[in-house]
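Hi,

Here is the structure I promised to pass on. Have a look at it first, then read my notes below.

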Amino acid sequence: MPENTHGHPEPSYLEYQGKHKGLKAWIFSTDHKRIGLLYLYTILTFFGIGLLIGLLMKLELIAPGQTIMGPDTYNRFFTLHGVIMIFVVVIPGLPAVFGNFVMPIQIGAPDVAFPRLNLLSWWIYILGILLVLSSLLTGGGAPDTGWTFYAPYSFETGTNMLPAVLGAFTLGFSSILTGLNFIVTIHRMRAPGMSWFKMPLFPWALYGTGWIQLLATPVVGITLLMIVAERTLGIGFFDPDLGGDPILYQHLFWIYSHPAVYIMILPAMGAISEILPAFARKTIFGYRAIVISTLMIAFVGYFVWGHHMFTSGMSGTALYTFSLLTFIVAIPSAIKVFNWISTLHKASINVQTPFYWAISFIFVFMVGGLTGLILGSLATDVHVHDTAFVVGHFHYIVFGGTGFAFLGAMHYWFPKIYGRMYNARRANLGWLIFFIGFNALYSPMFYLGVAGMARRYYDYLPEFHSGNIISSIGAYVMATGLVIIVVNLILGARRGEKAEANPWGGKTLEWSVPSPPPLENFEKIPVVTREPYDYSA
Amino acid sequence: MHEHRDDTASKIGMWLFIFTEILLFGGLFIVYAVYRYRNPVAFHLAGEELNVIIGAINTVVLLVSSATIAMAITAMQQGKRRLSVRLLWVTILLAAVFMVNKYFEWGAKFEHGLYPGSDFLYSLSQGDVLFFGLYFAMTGLHALHIIVGAVFILFVIAYIRKGKVHETRWQLLENAGLYWHLVDLIWIFLFPLFYLIH
Ligand SMILES: [Cu+2]
């Protein structure tokens, strides 16, 4: 316990008493740690809702024909599932929760550069959620366009598009402000001695992510506003009747939404790069290669959006270019995988729950990445386009990648956040069930897609029945695992054993402060002299 | 908690925000470029409907307002607080002049039925519909930024009154200036694209 000058231990950020009390002490707090937890609880709530919708869809697909819902409901369900999971859960995901909580401590700062802006971002985020939700209760009911809001259907459908689209716009604005805050924080607030190449890899990942949030999100923002203008003012941006071009909408949408995949995955990779050295108990292999590949992904990721539109109509040259660039952007991801595996080489590994999540992340990420190349190749993409294969690939990357990394990060930083420990055996059991369920849920989709099952239908041909049964059962197995995990974490946070400052033997700065950290993190801003993963001493 | 002050940080923050604004308009510029390329004749003829004189006056107004806010910043740095506030009021006045011109300009278009949703506009070619749709969307979004910028400047004036912005602490004022230059800059692109290219 650090002691302040009066000889009393400083209260932790959880106990600290500001001018507000109770709930207000949280929702008006500018402490980056409390804001991180605000995001955590919001995200988990909406993850639960999105998951529930997903489970209902899998129940519908357990047998051909109508099982529990008709086509209209199904369309609305997959739209809501997508909008909630993408815009409310995964995009804020790791940056908003762990970026907020851990990053300032990792770089040796007392808070982010703009604490009040940070709180404002959370409020804007809540406003965005409320807007999205209001689409359920008003007008024509929940939208049914899919989360991509493709034109021209998005301005022709009678369902309640405006609140959903404006909600997505607002959520994007919140994401921009978070990215901006993190970039400035990393530029200005690193502890003395922490040069760029002495900075841990999670802040590096957030730095790359910040730039994507900043430079890609406005494009989708204006695109969504164009949809609004189209619906309310009758400006024919994307309406062929008025001379507009629906394909142009797709371009603008994916100019953001492909880089958005990297908003989701870069922080996940960053978290994995923190977990692996801590449990391999040696320095990460190829630190600089990981940094450079992070920046390369952030940069090249801007120029591959066309791979979502191979069948939409583009010139041959454009097709080849986008396909080639898609292959190129896979290289830095592969570099990271090699670095992670090499880190484990000849290490005496401390096998703990976060480590299980990290290695299973590498597995699901590779499955997702390699199936992505099948979609990035022109000829094979035509065959599997808009089939269950795409759904499988997408969920392996976005849910597998981000989800496994998120839960890994949760188990890794949990003792730091709550100052308590969870039950490791239950955590491992939850992980195992989750991992088995996850693969049972999504791997049949590859087979189903190649065999020709289209996505986004509530029904399918009888020959696809067996694959769908496995997938649906897998969904419920996975959900069971998740319940075990969440209950275990809640129990741990409430009455787990007290955790030490550094239970895993990590070397980055967050492990040098008490668990849970005091309000301003460090009693004295540390001076950094060593590499971030220096296990030599 | 101690007050943490870092002027460079807030300046970087402002610049980053300006990048996002540029990309926000960037989406519209892309759309403009694509549709201009596809409807060259209609865009040419529709462009001649716009009043170059009002457009030019507004361009001069904005350029002068950029100068006045820059002078306000320098005045503040030299400790001439009252002069600085006066120059800020001149900037806001020029913003108002711009908006009044805009009002008459848009009003004239509405009188001629040249607005999105009017039956007359829909009876013209698709290129005309797109041109005027883009015209209202882009100048409208820009006008919105003028309003936001002016409110920003008003806040700065209030802060100067409260003594929170002064000769050794003027970063907020400079940020308002940066934002105002951005608003100006976007207009510098909008003016030729809509009024001048024929
Ligand atoms: Cu993509």
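A residue counts as buried when its relative accessible area is under 20%. Keep that cut-off in mind, and remember that this is a predicted model.

Let's start with charges. Side chains of opposite charge can pair when their charged atoms come close. Over all chains, the structure holds 8 salt bridges. One of them pairs Asp245(A) with Arg38(B), with the closest N and O atoms 2.8 Å apart. Asp245(A) sits in the loop between α8 and α9 of chain A and Arg38(B) in helix α1 of chain B, so this pair joins two chains. Asp245(A) has a relative accessible area of 12%, so it is buried, whereas Arg38(B), at 47%, is partly exposed.

Another salt bridge is between Glu174(B) and Lys11(B), at 3.7 Å from N to O. Here the partners are 163 residues apart, with Glu174(B) in helix α7 of chain B and Lys11(B) in helix α1 of chain B. Glu174(B) is buried at 16% relative accessibility, while Lys11(B) is partly exposed at 31%.

Now for some helix packing. In chain A, the axes of α10 (residues 287–300) and α11 (residues 316–344) come within 9 Å and cross at roughly 155 degrees. The helices α10(A) and α11(A) are therefore roughly antiparallel to each other, and their crossing is left-handed. Among the residues making the contact are Ile290(A) and Ile297(A) of α10(A), and Leu325(A) and Trp340(A) of α11(A). The contact residues of α10(A) and α11(A) divide into 11 nonpolar, 4 polar and 1 charged.

Cheers

Notes:
Residues are numbered from 1 along each chain as its sequence is written. Chains are lettered from A and ligands numbered from 1 in the order in which they are written. This is a predicted model: local features need pLDDT of at least 70, side-chain atom pairs count only at pLDDT 80 or more; totals for chains, interfaces and linings use all residues. Side-chain values use heavy atoms; hydrogens and water are left out. Axes are lines fitted to C-alpha atoms, for helices over the stretch in contact, and angles run from 0 to 180 degrees between N-to-C directions. Helices (H or I, at least four residues) and strands (E, at least two) are DSSP runs, numbered from the N terminus. Angles under 35 degrees count as roughly parallel, over 145 as roughly antiparallel, 65 to 115 as roughly perpendicular and the rest as oblique. A crossing is left-handed if the near helix is turned anticlockwise from the far one by less than a right angle, and right-handed if clockwise. Contact means heavy atoms within 4.5 Å. Ala, Val, Leu, Ile, Met, Phe, Trp, Tyr, Cys and Pro count as nonpolar, Asp, Glu, Lys and Arg as charged, and the others, Gly among them, as polar. A salt bridge is a side-chain nitrogen of Lys or Arg within 4 Å of a carboxyl oxygen of Asp or Glu. Buried means under 20% relative accessible area, exposed over 50%, partly exposed in between (1.4 Å probe, protein chains only).
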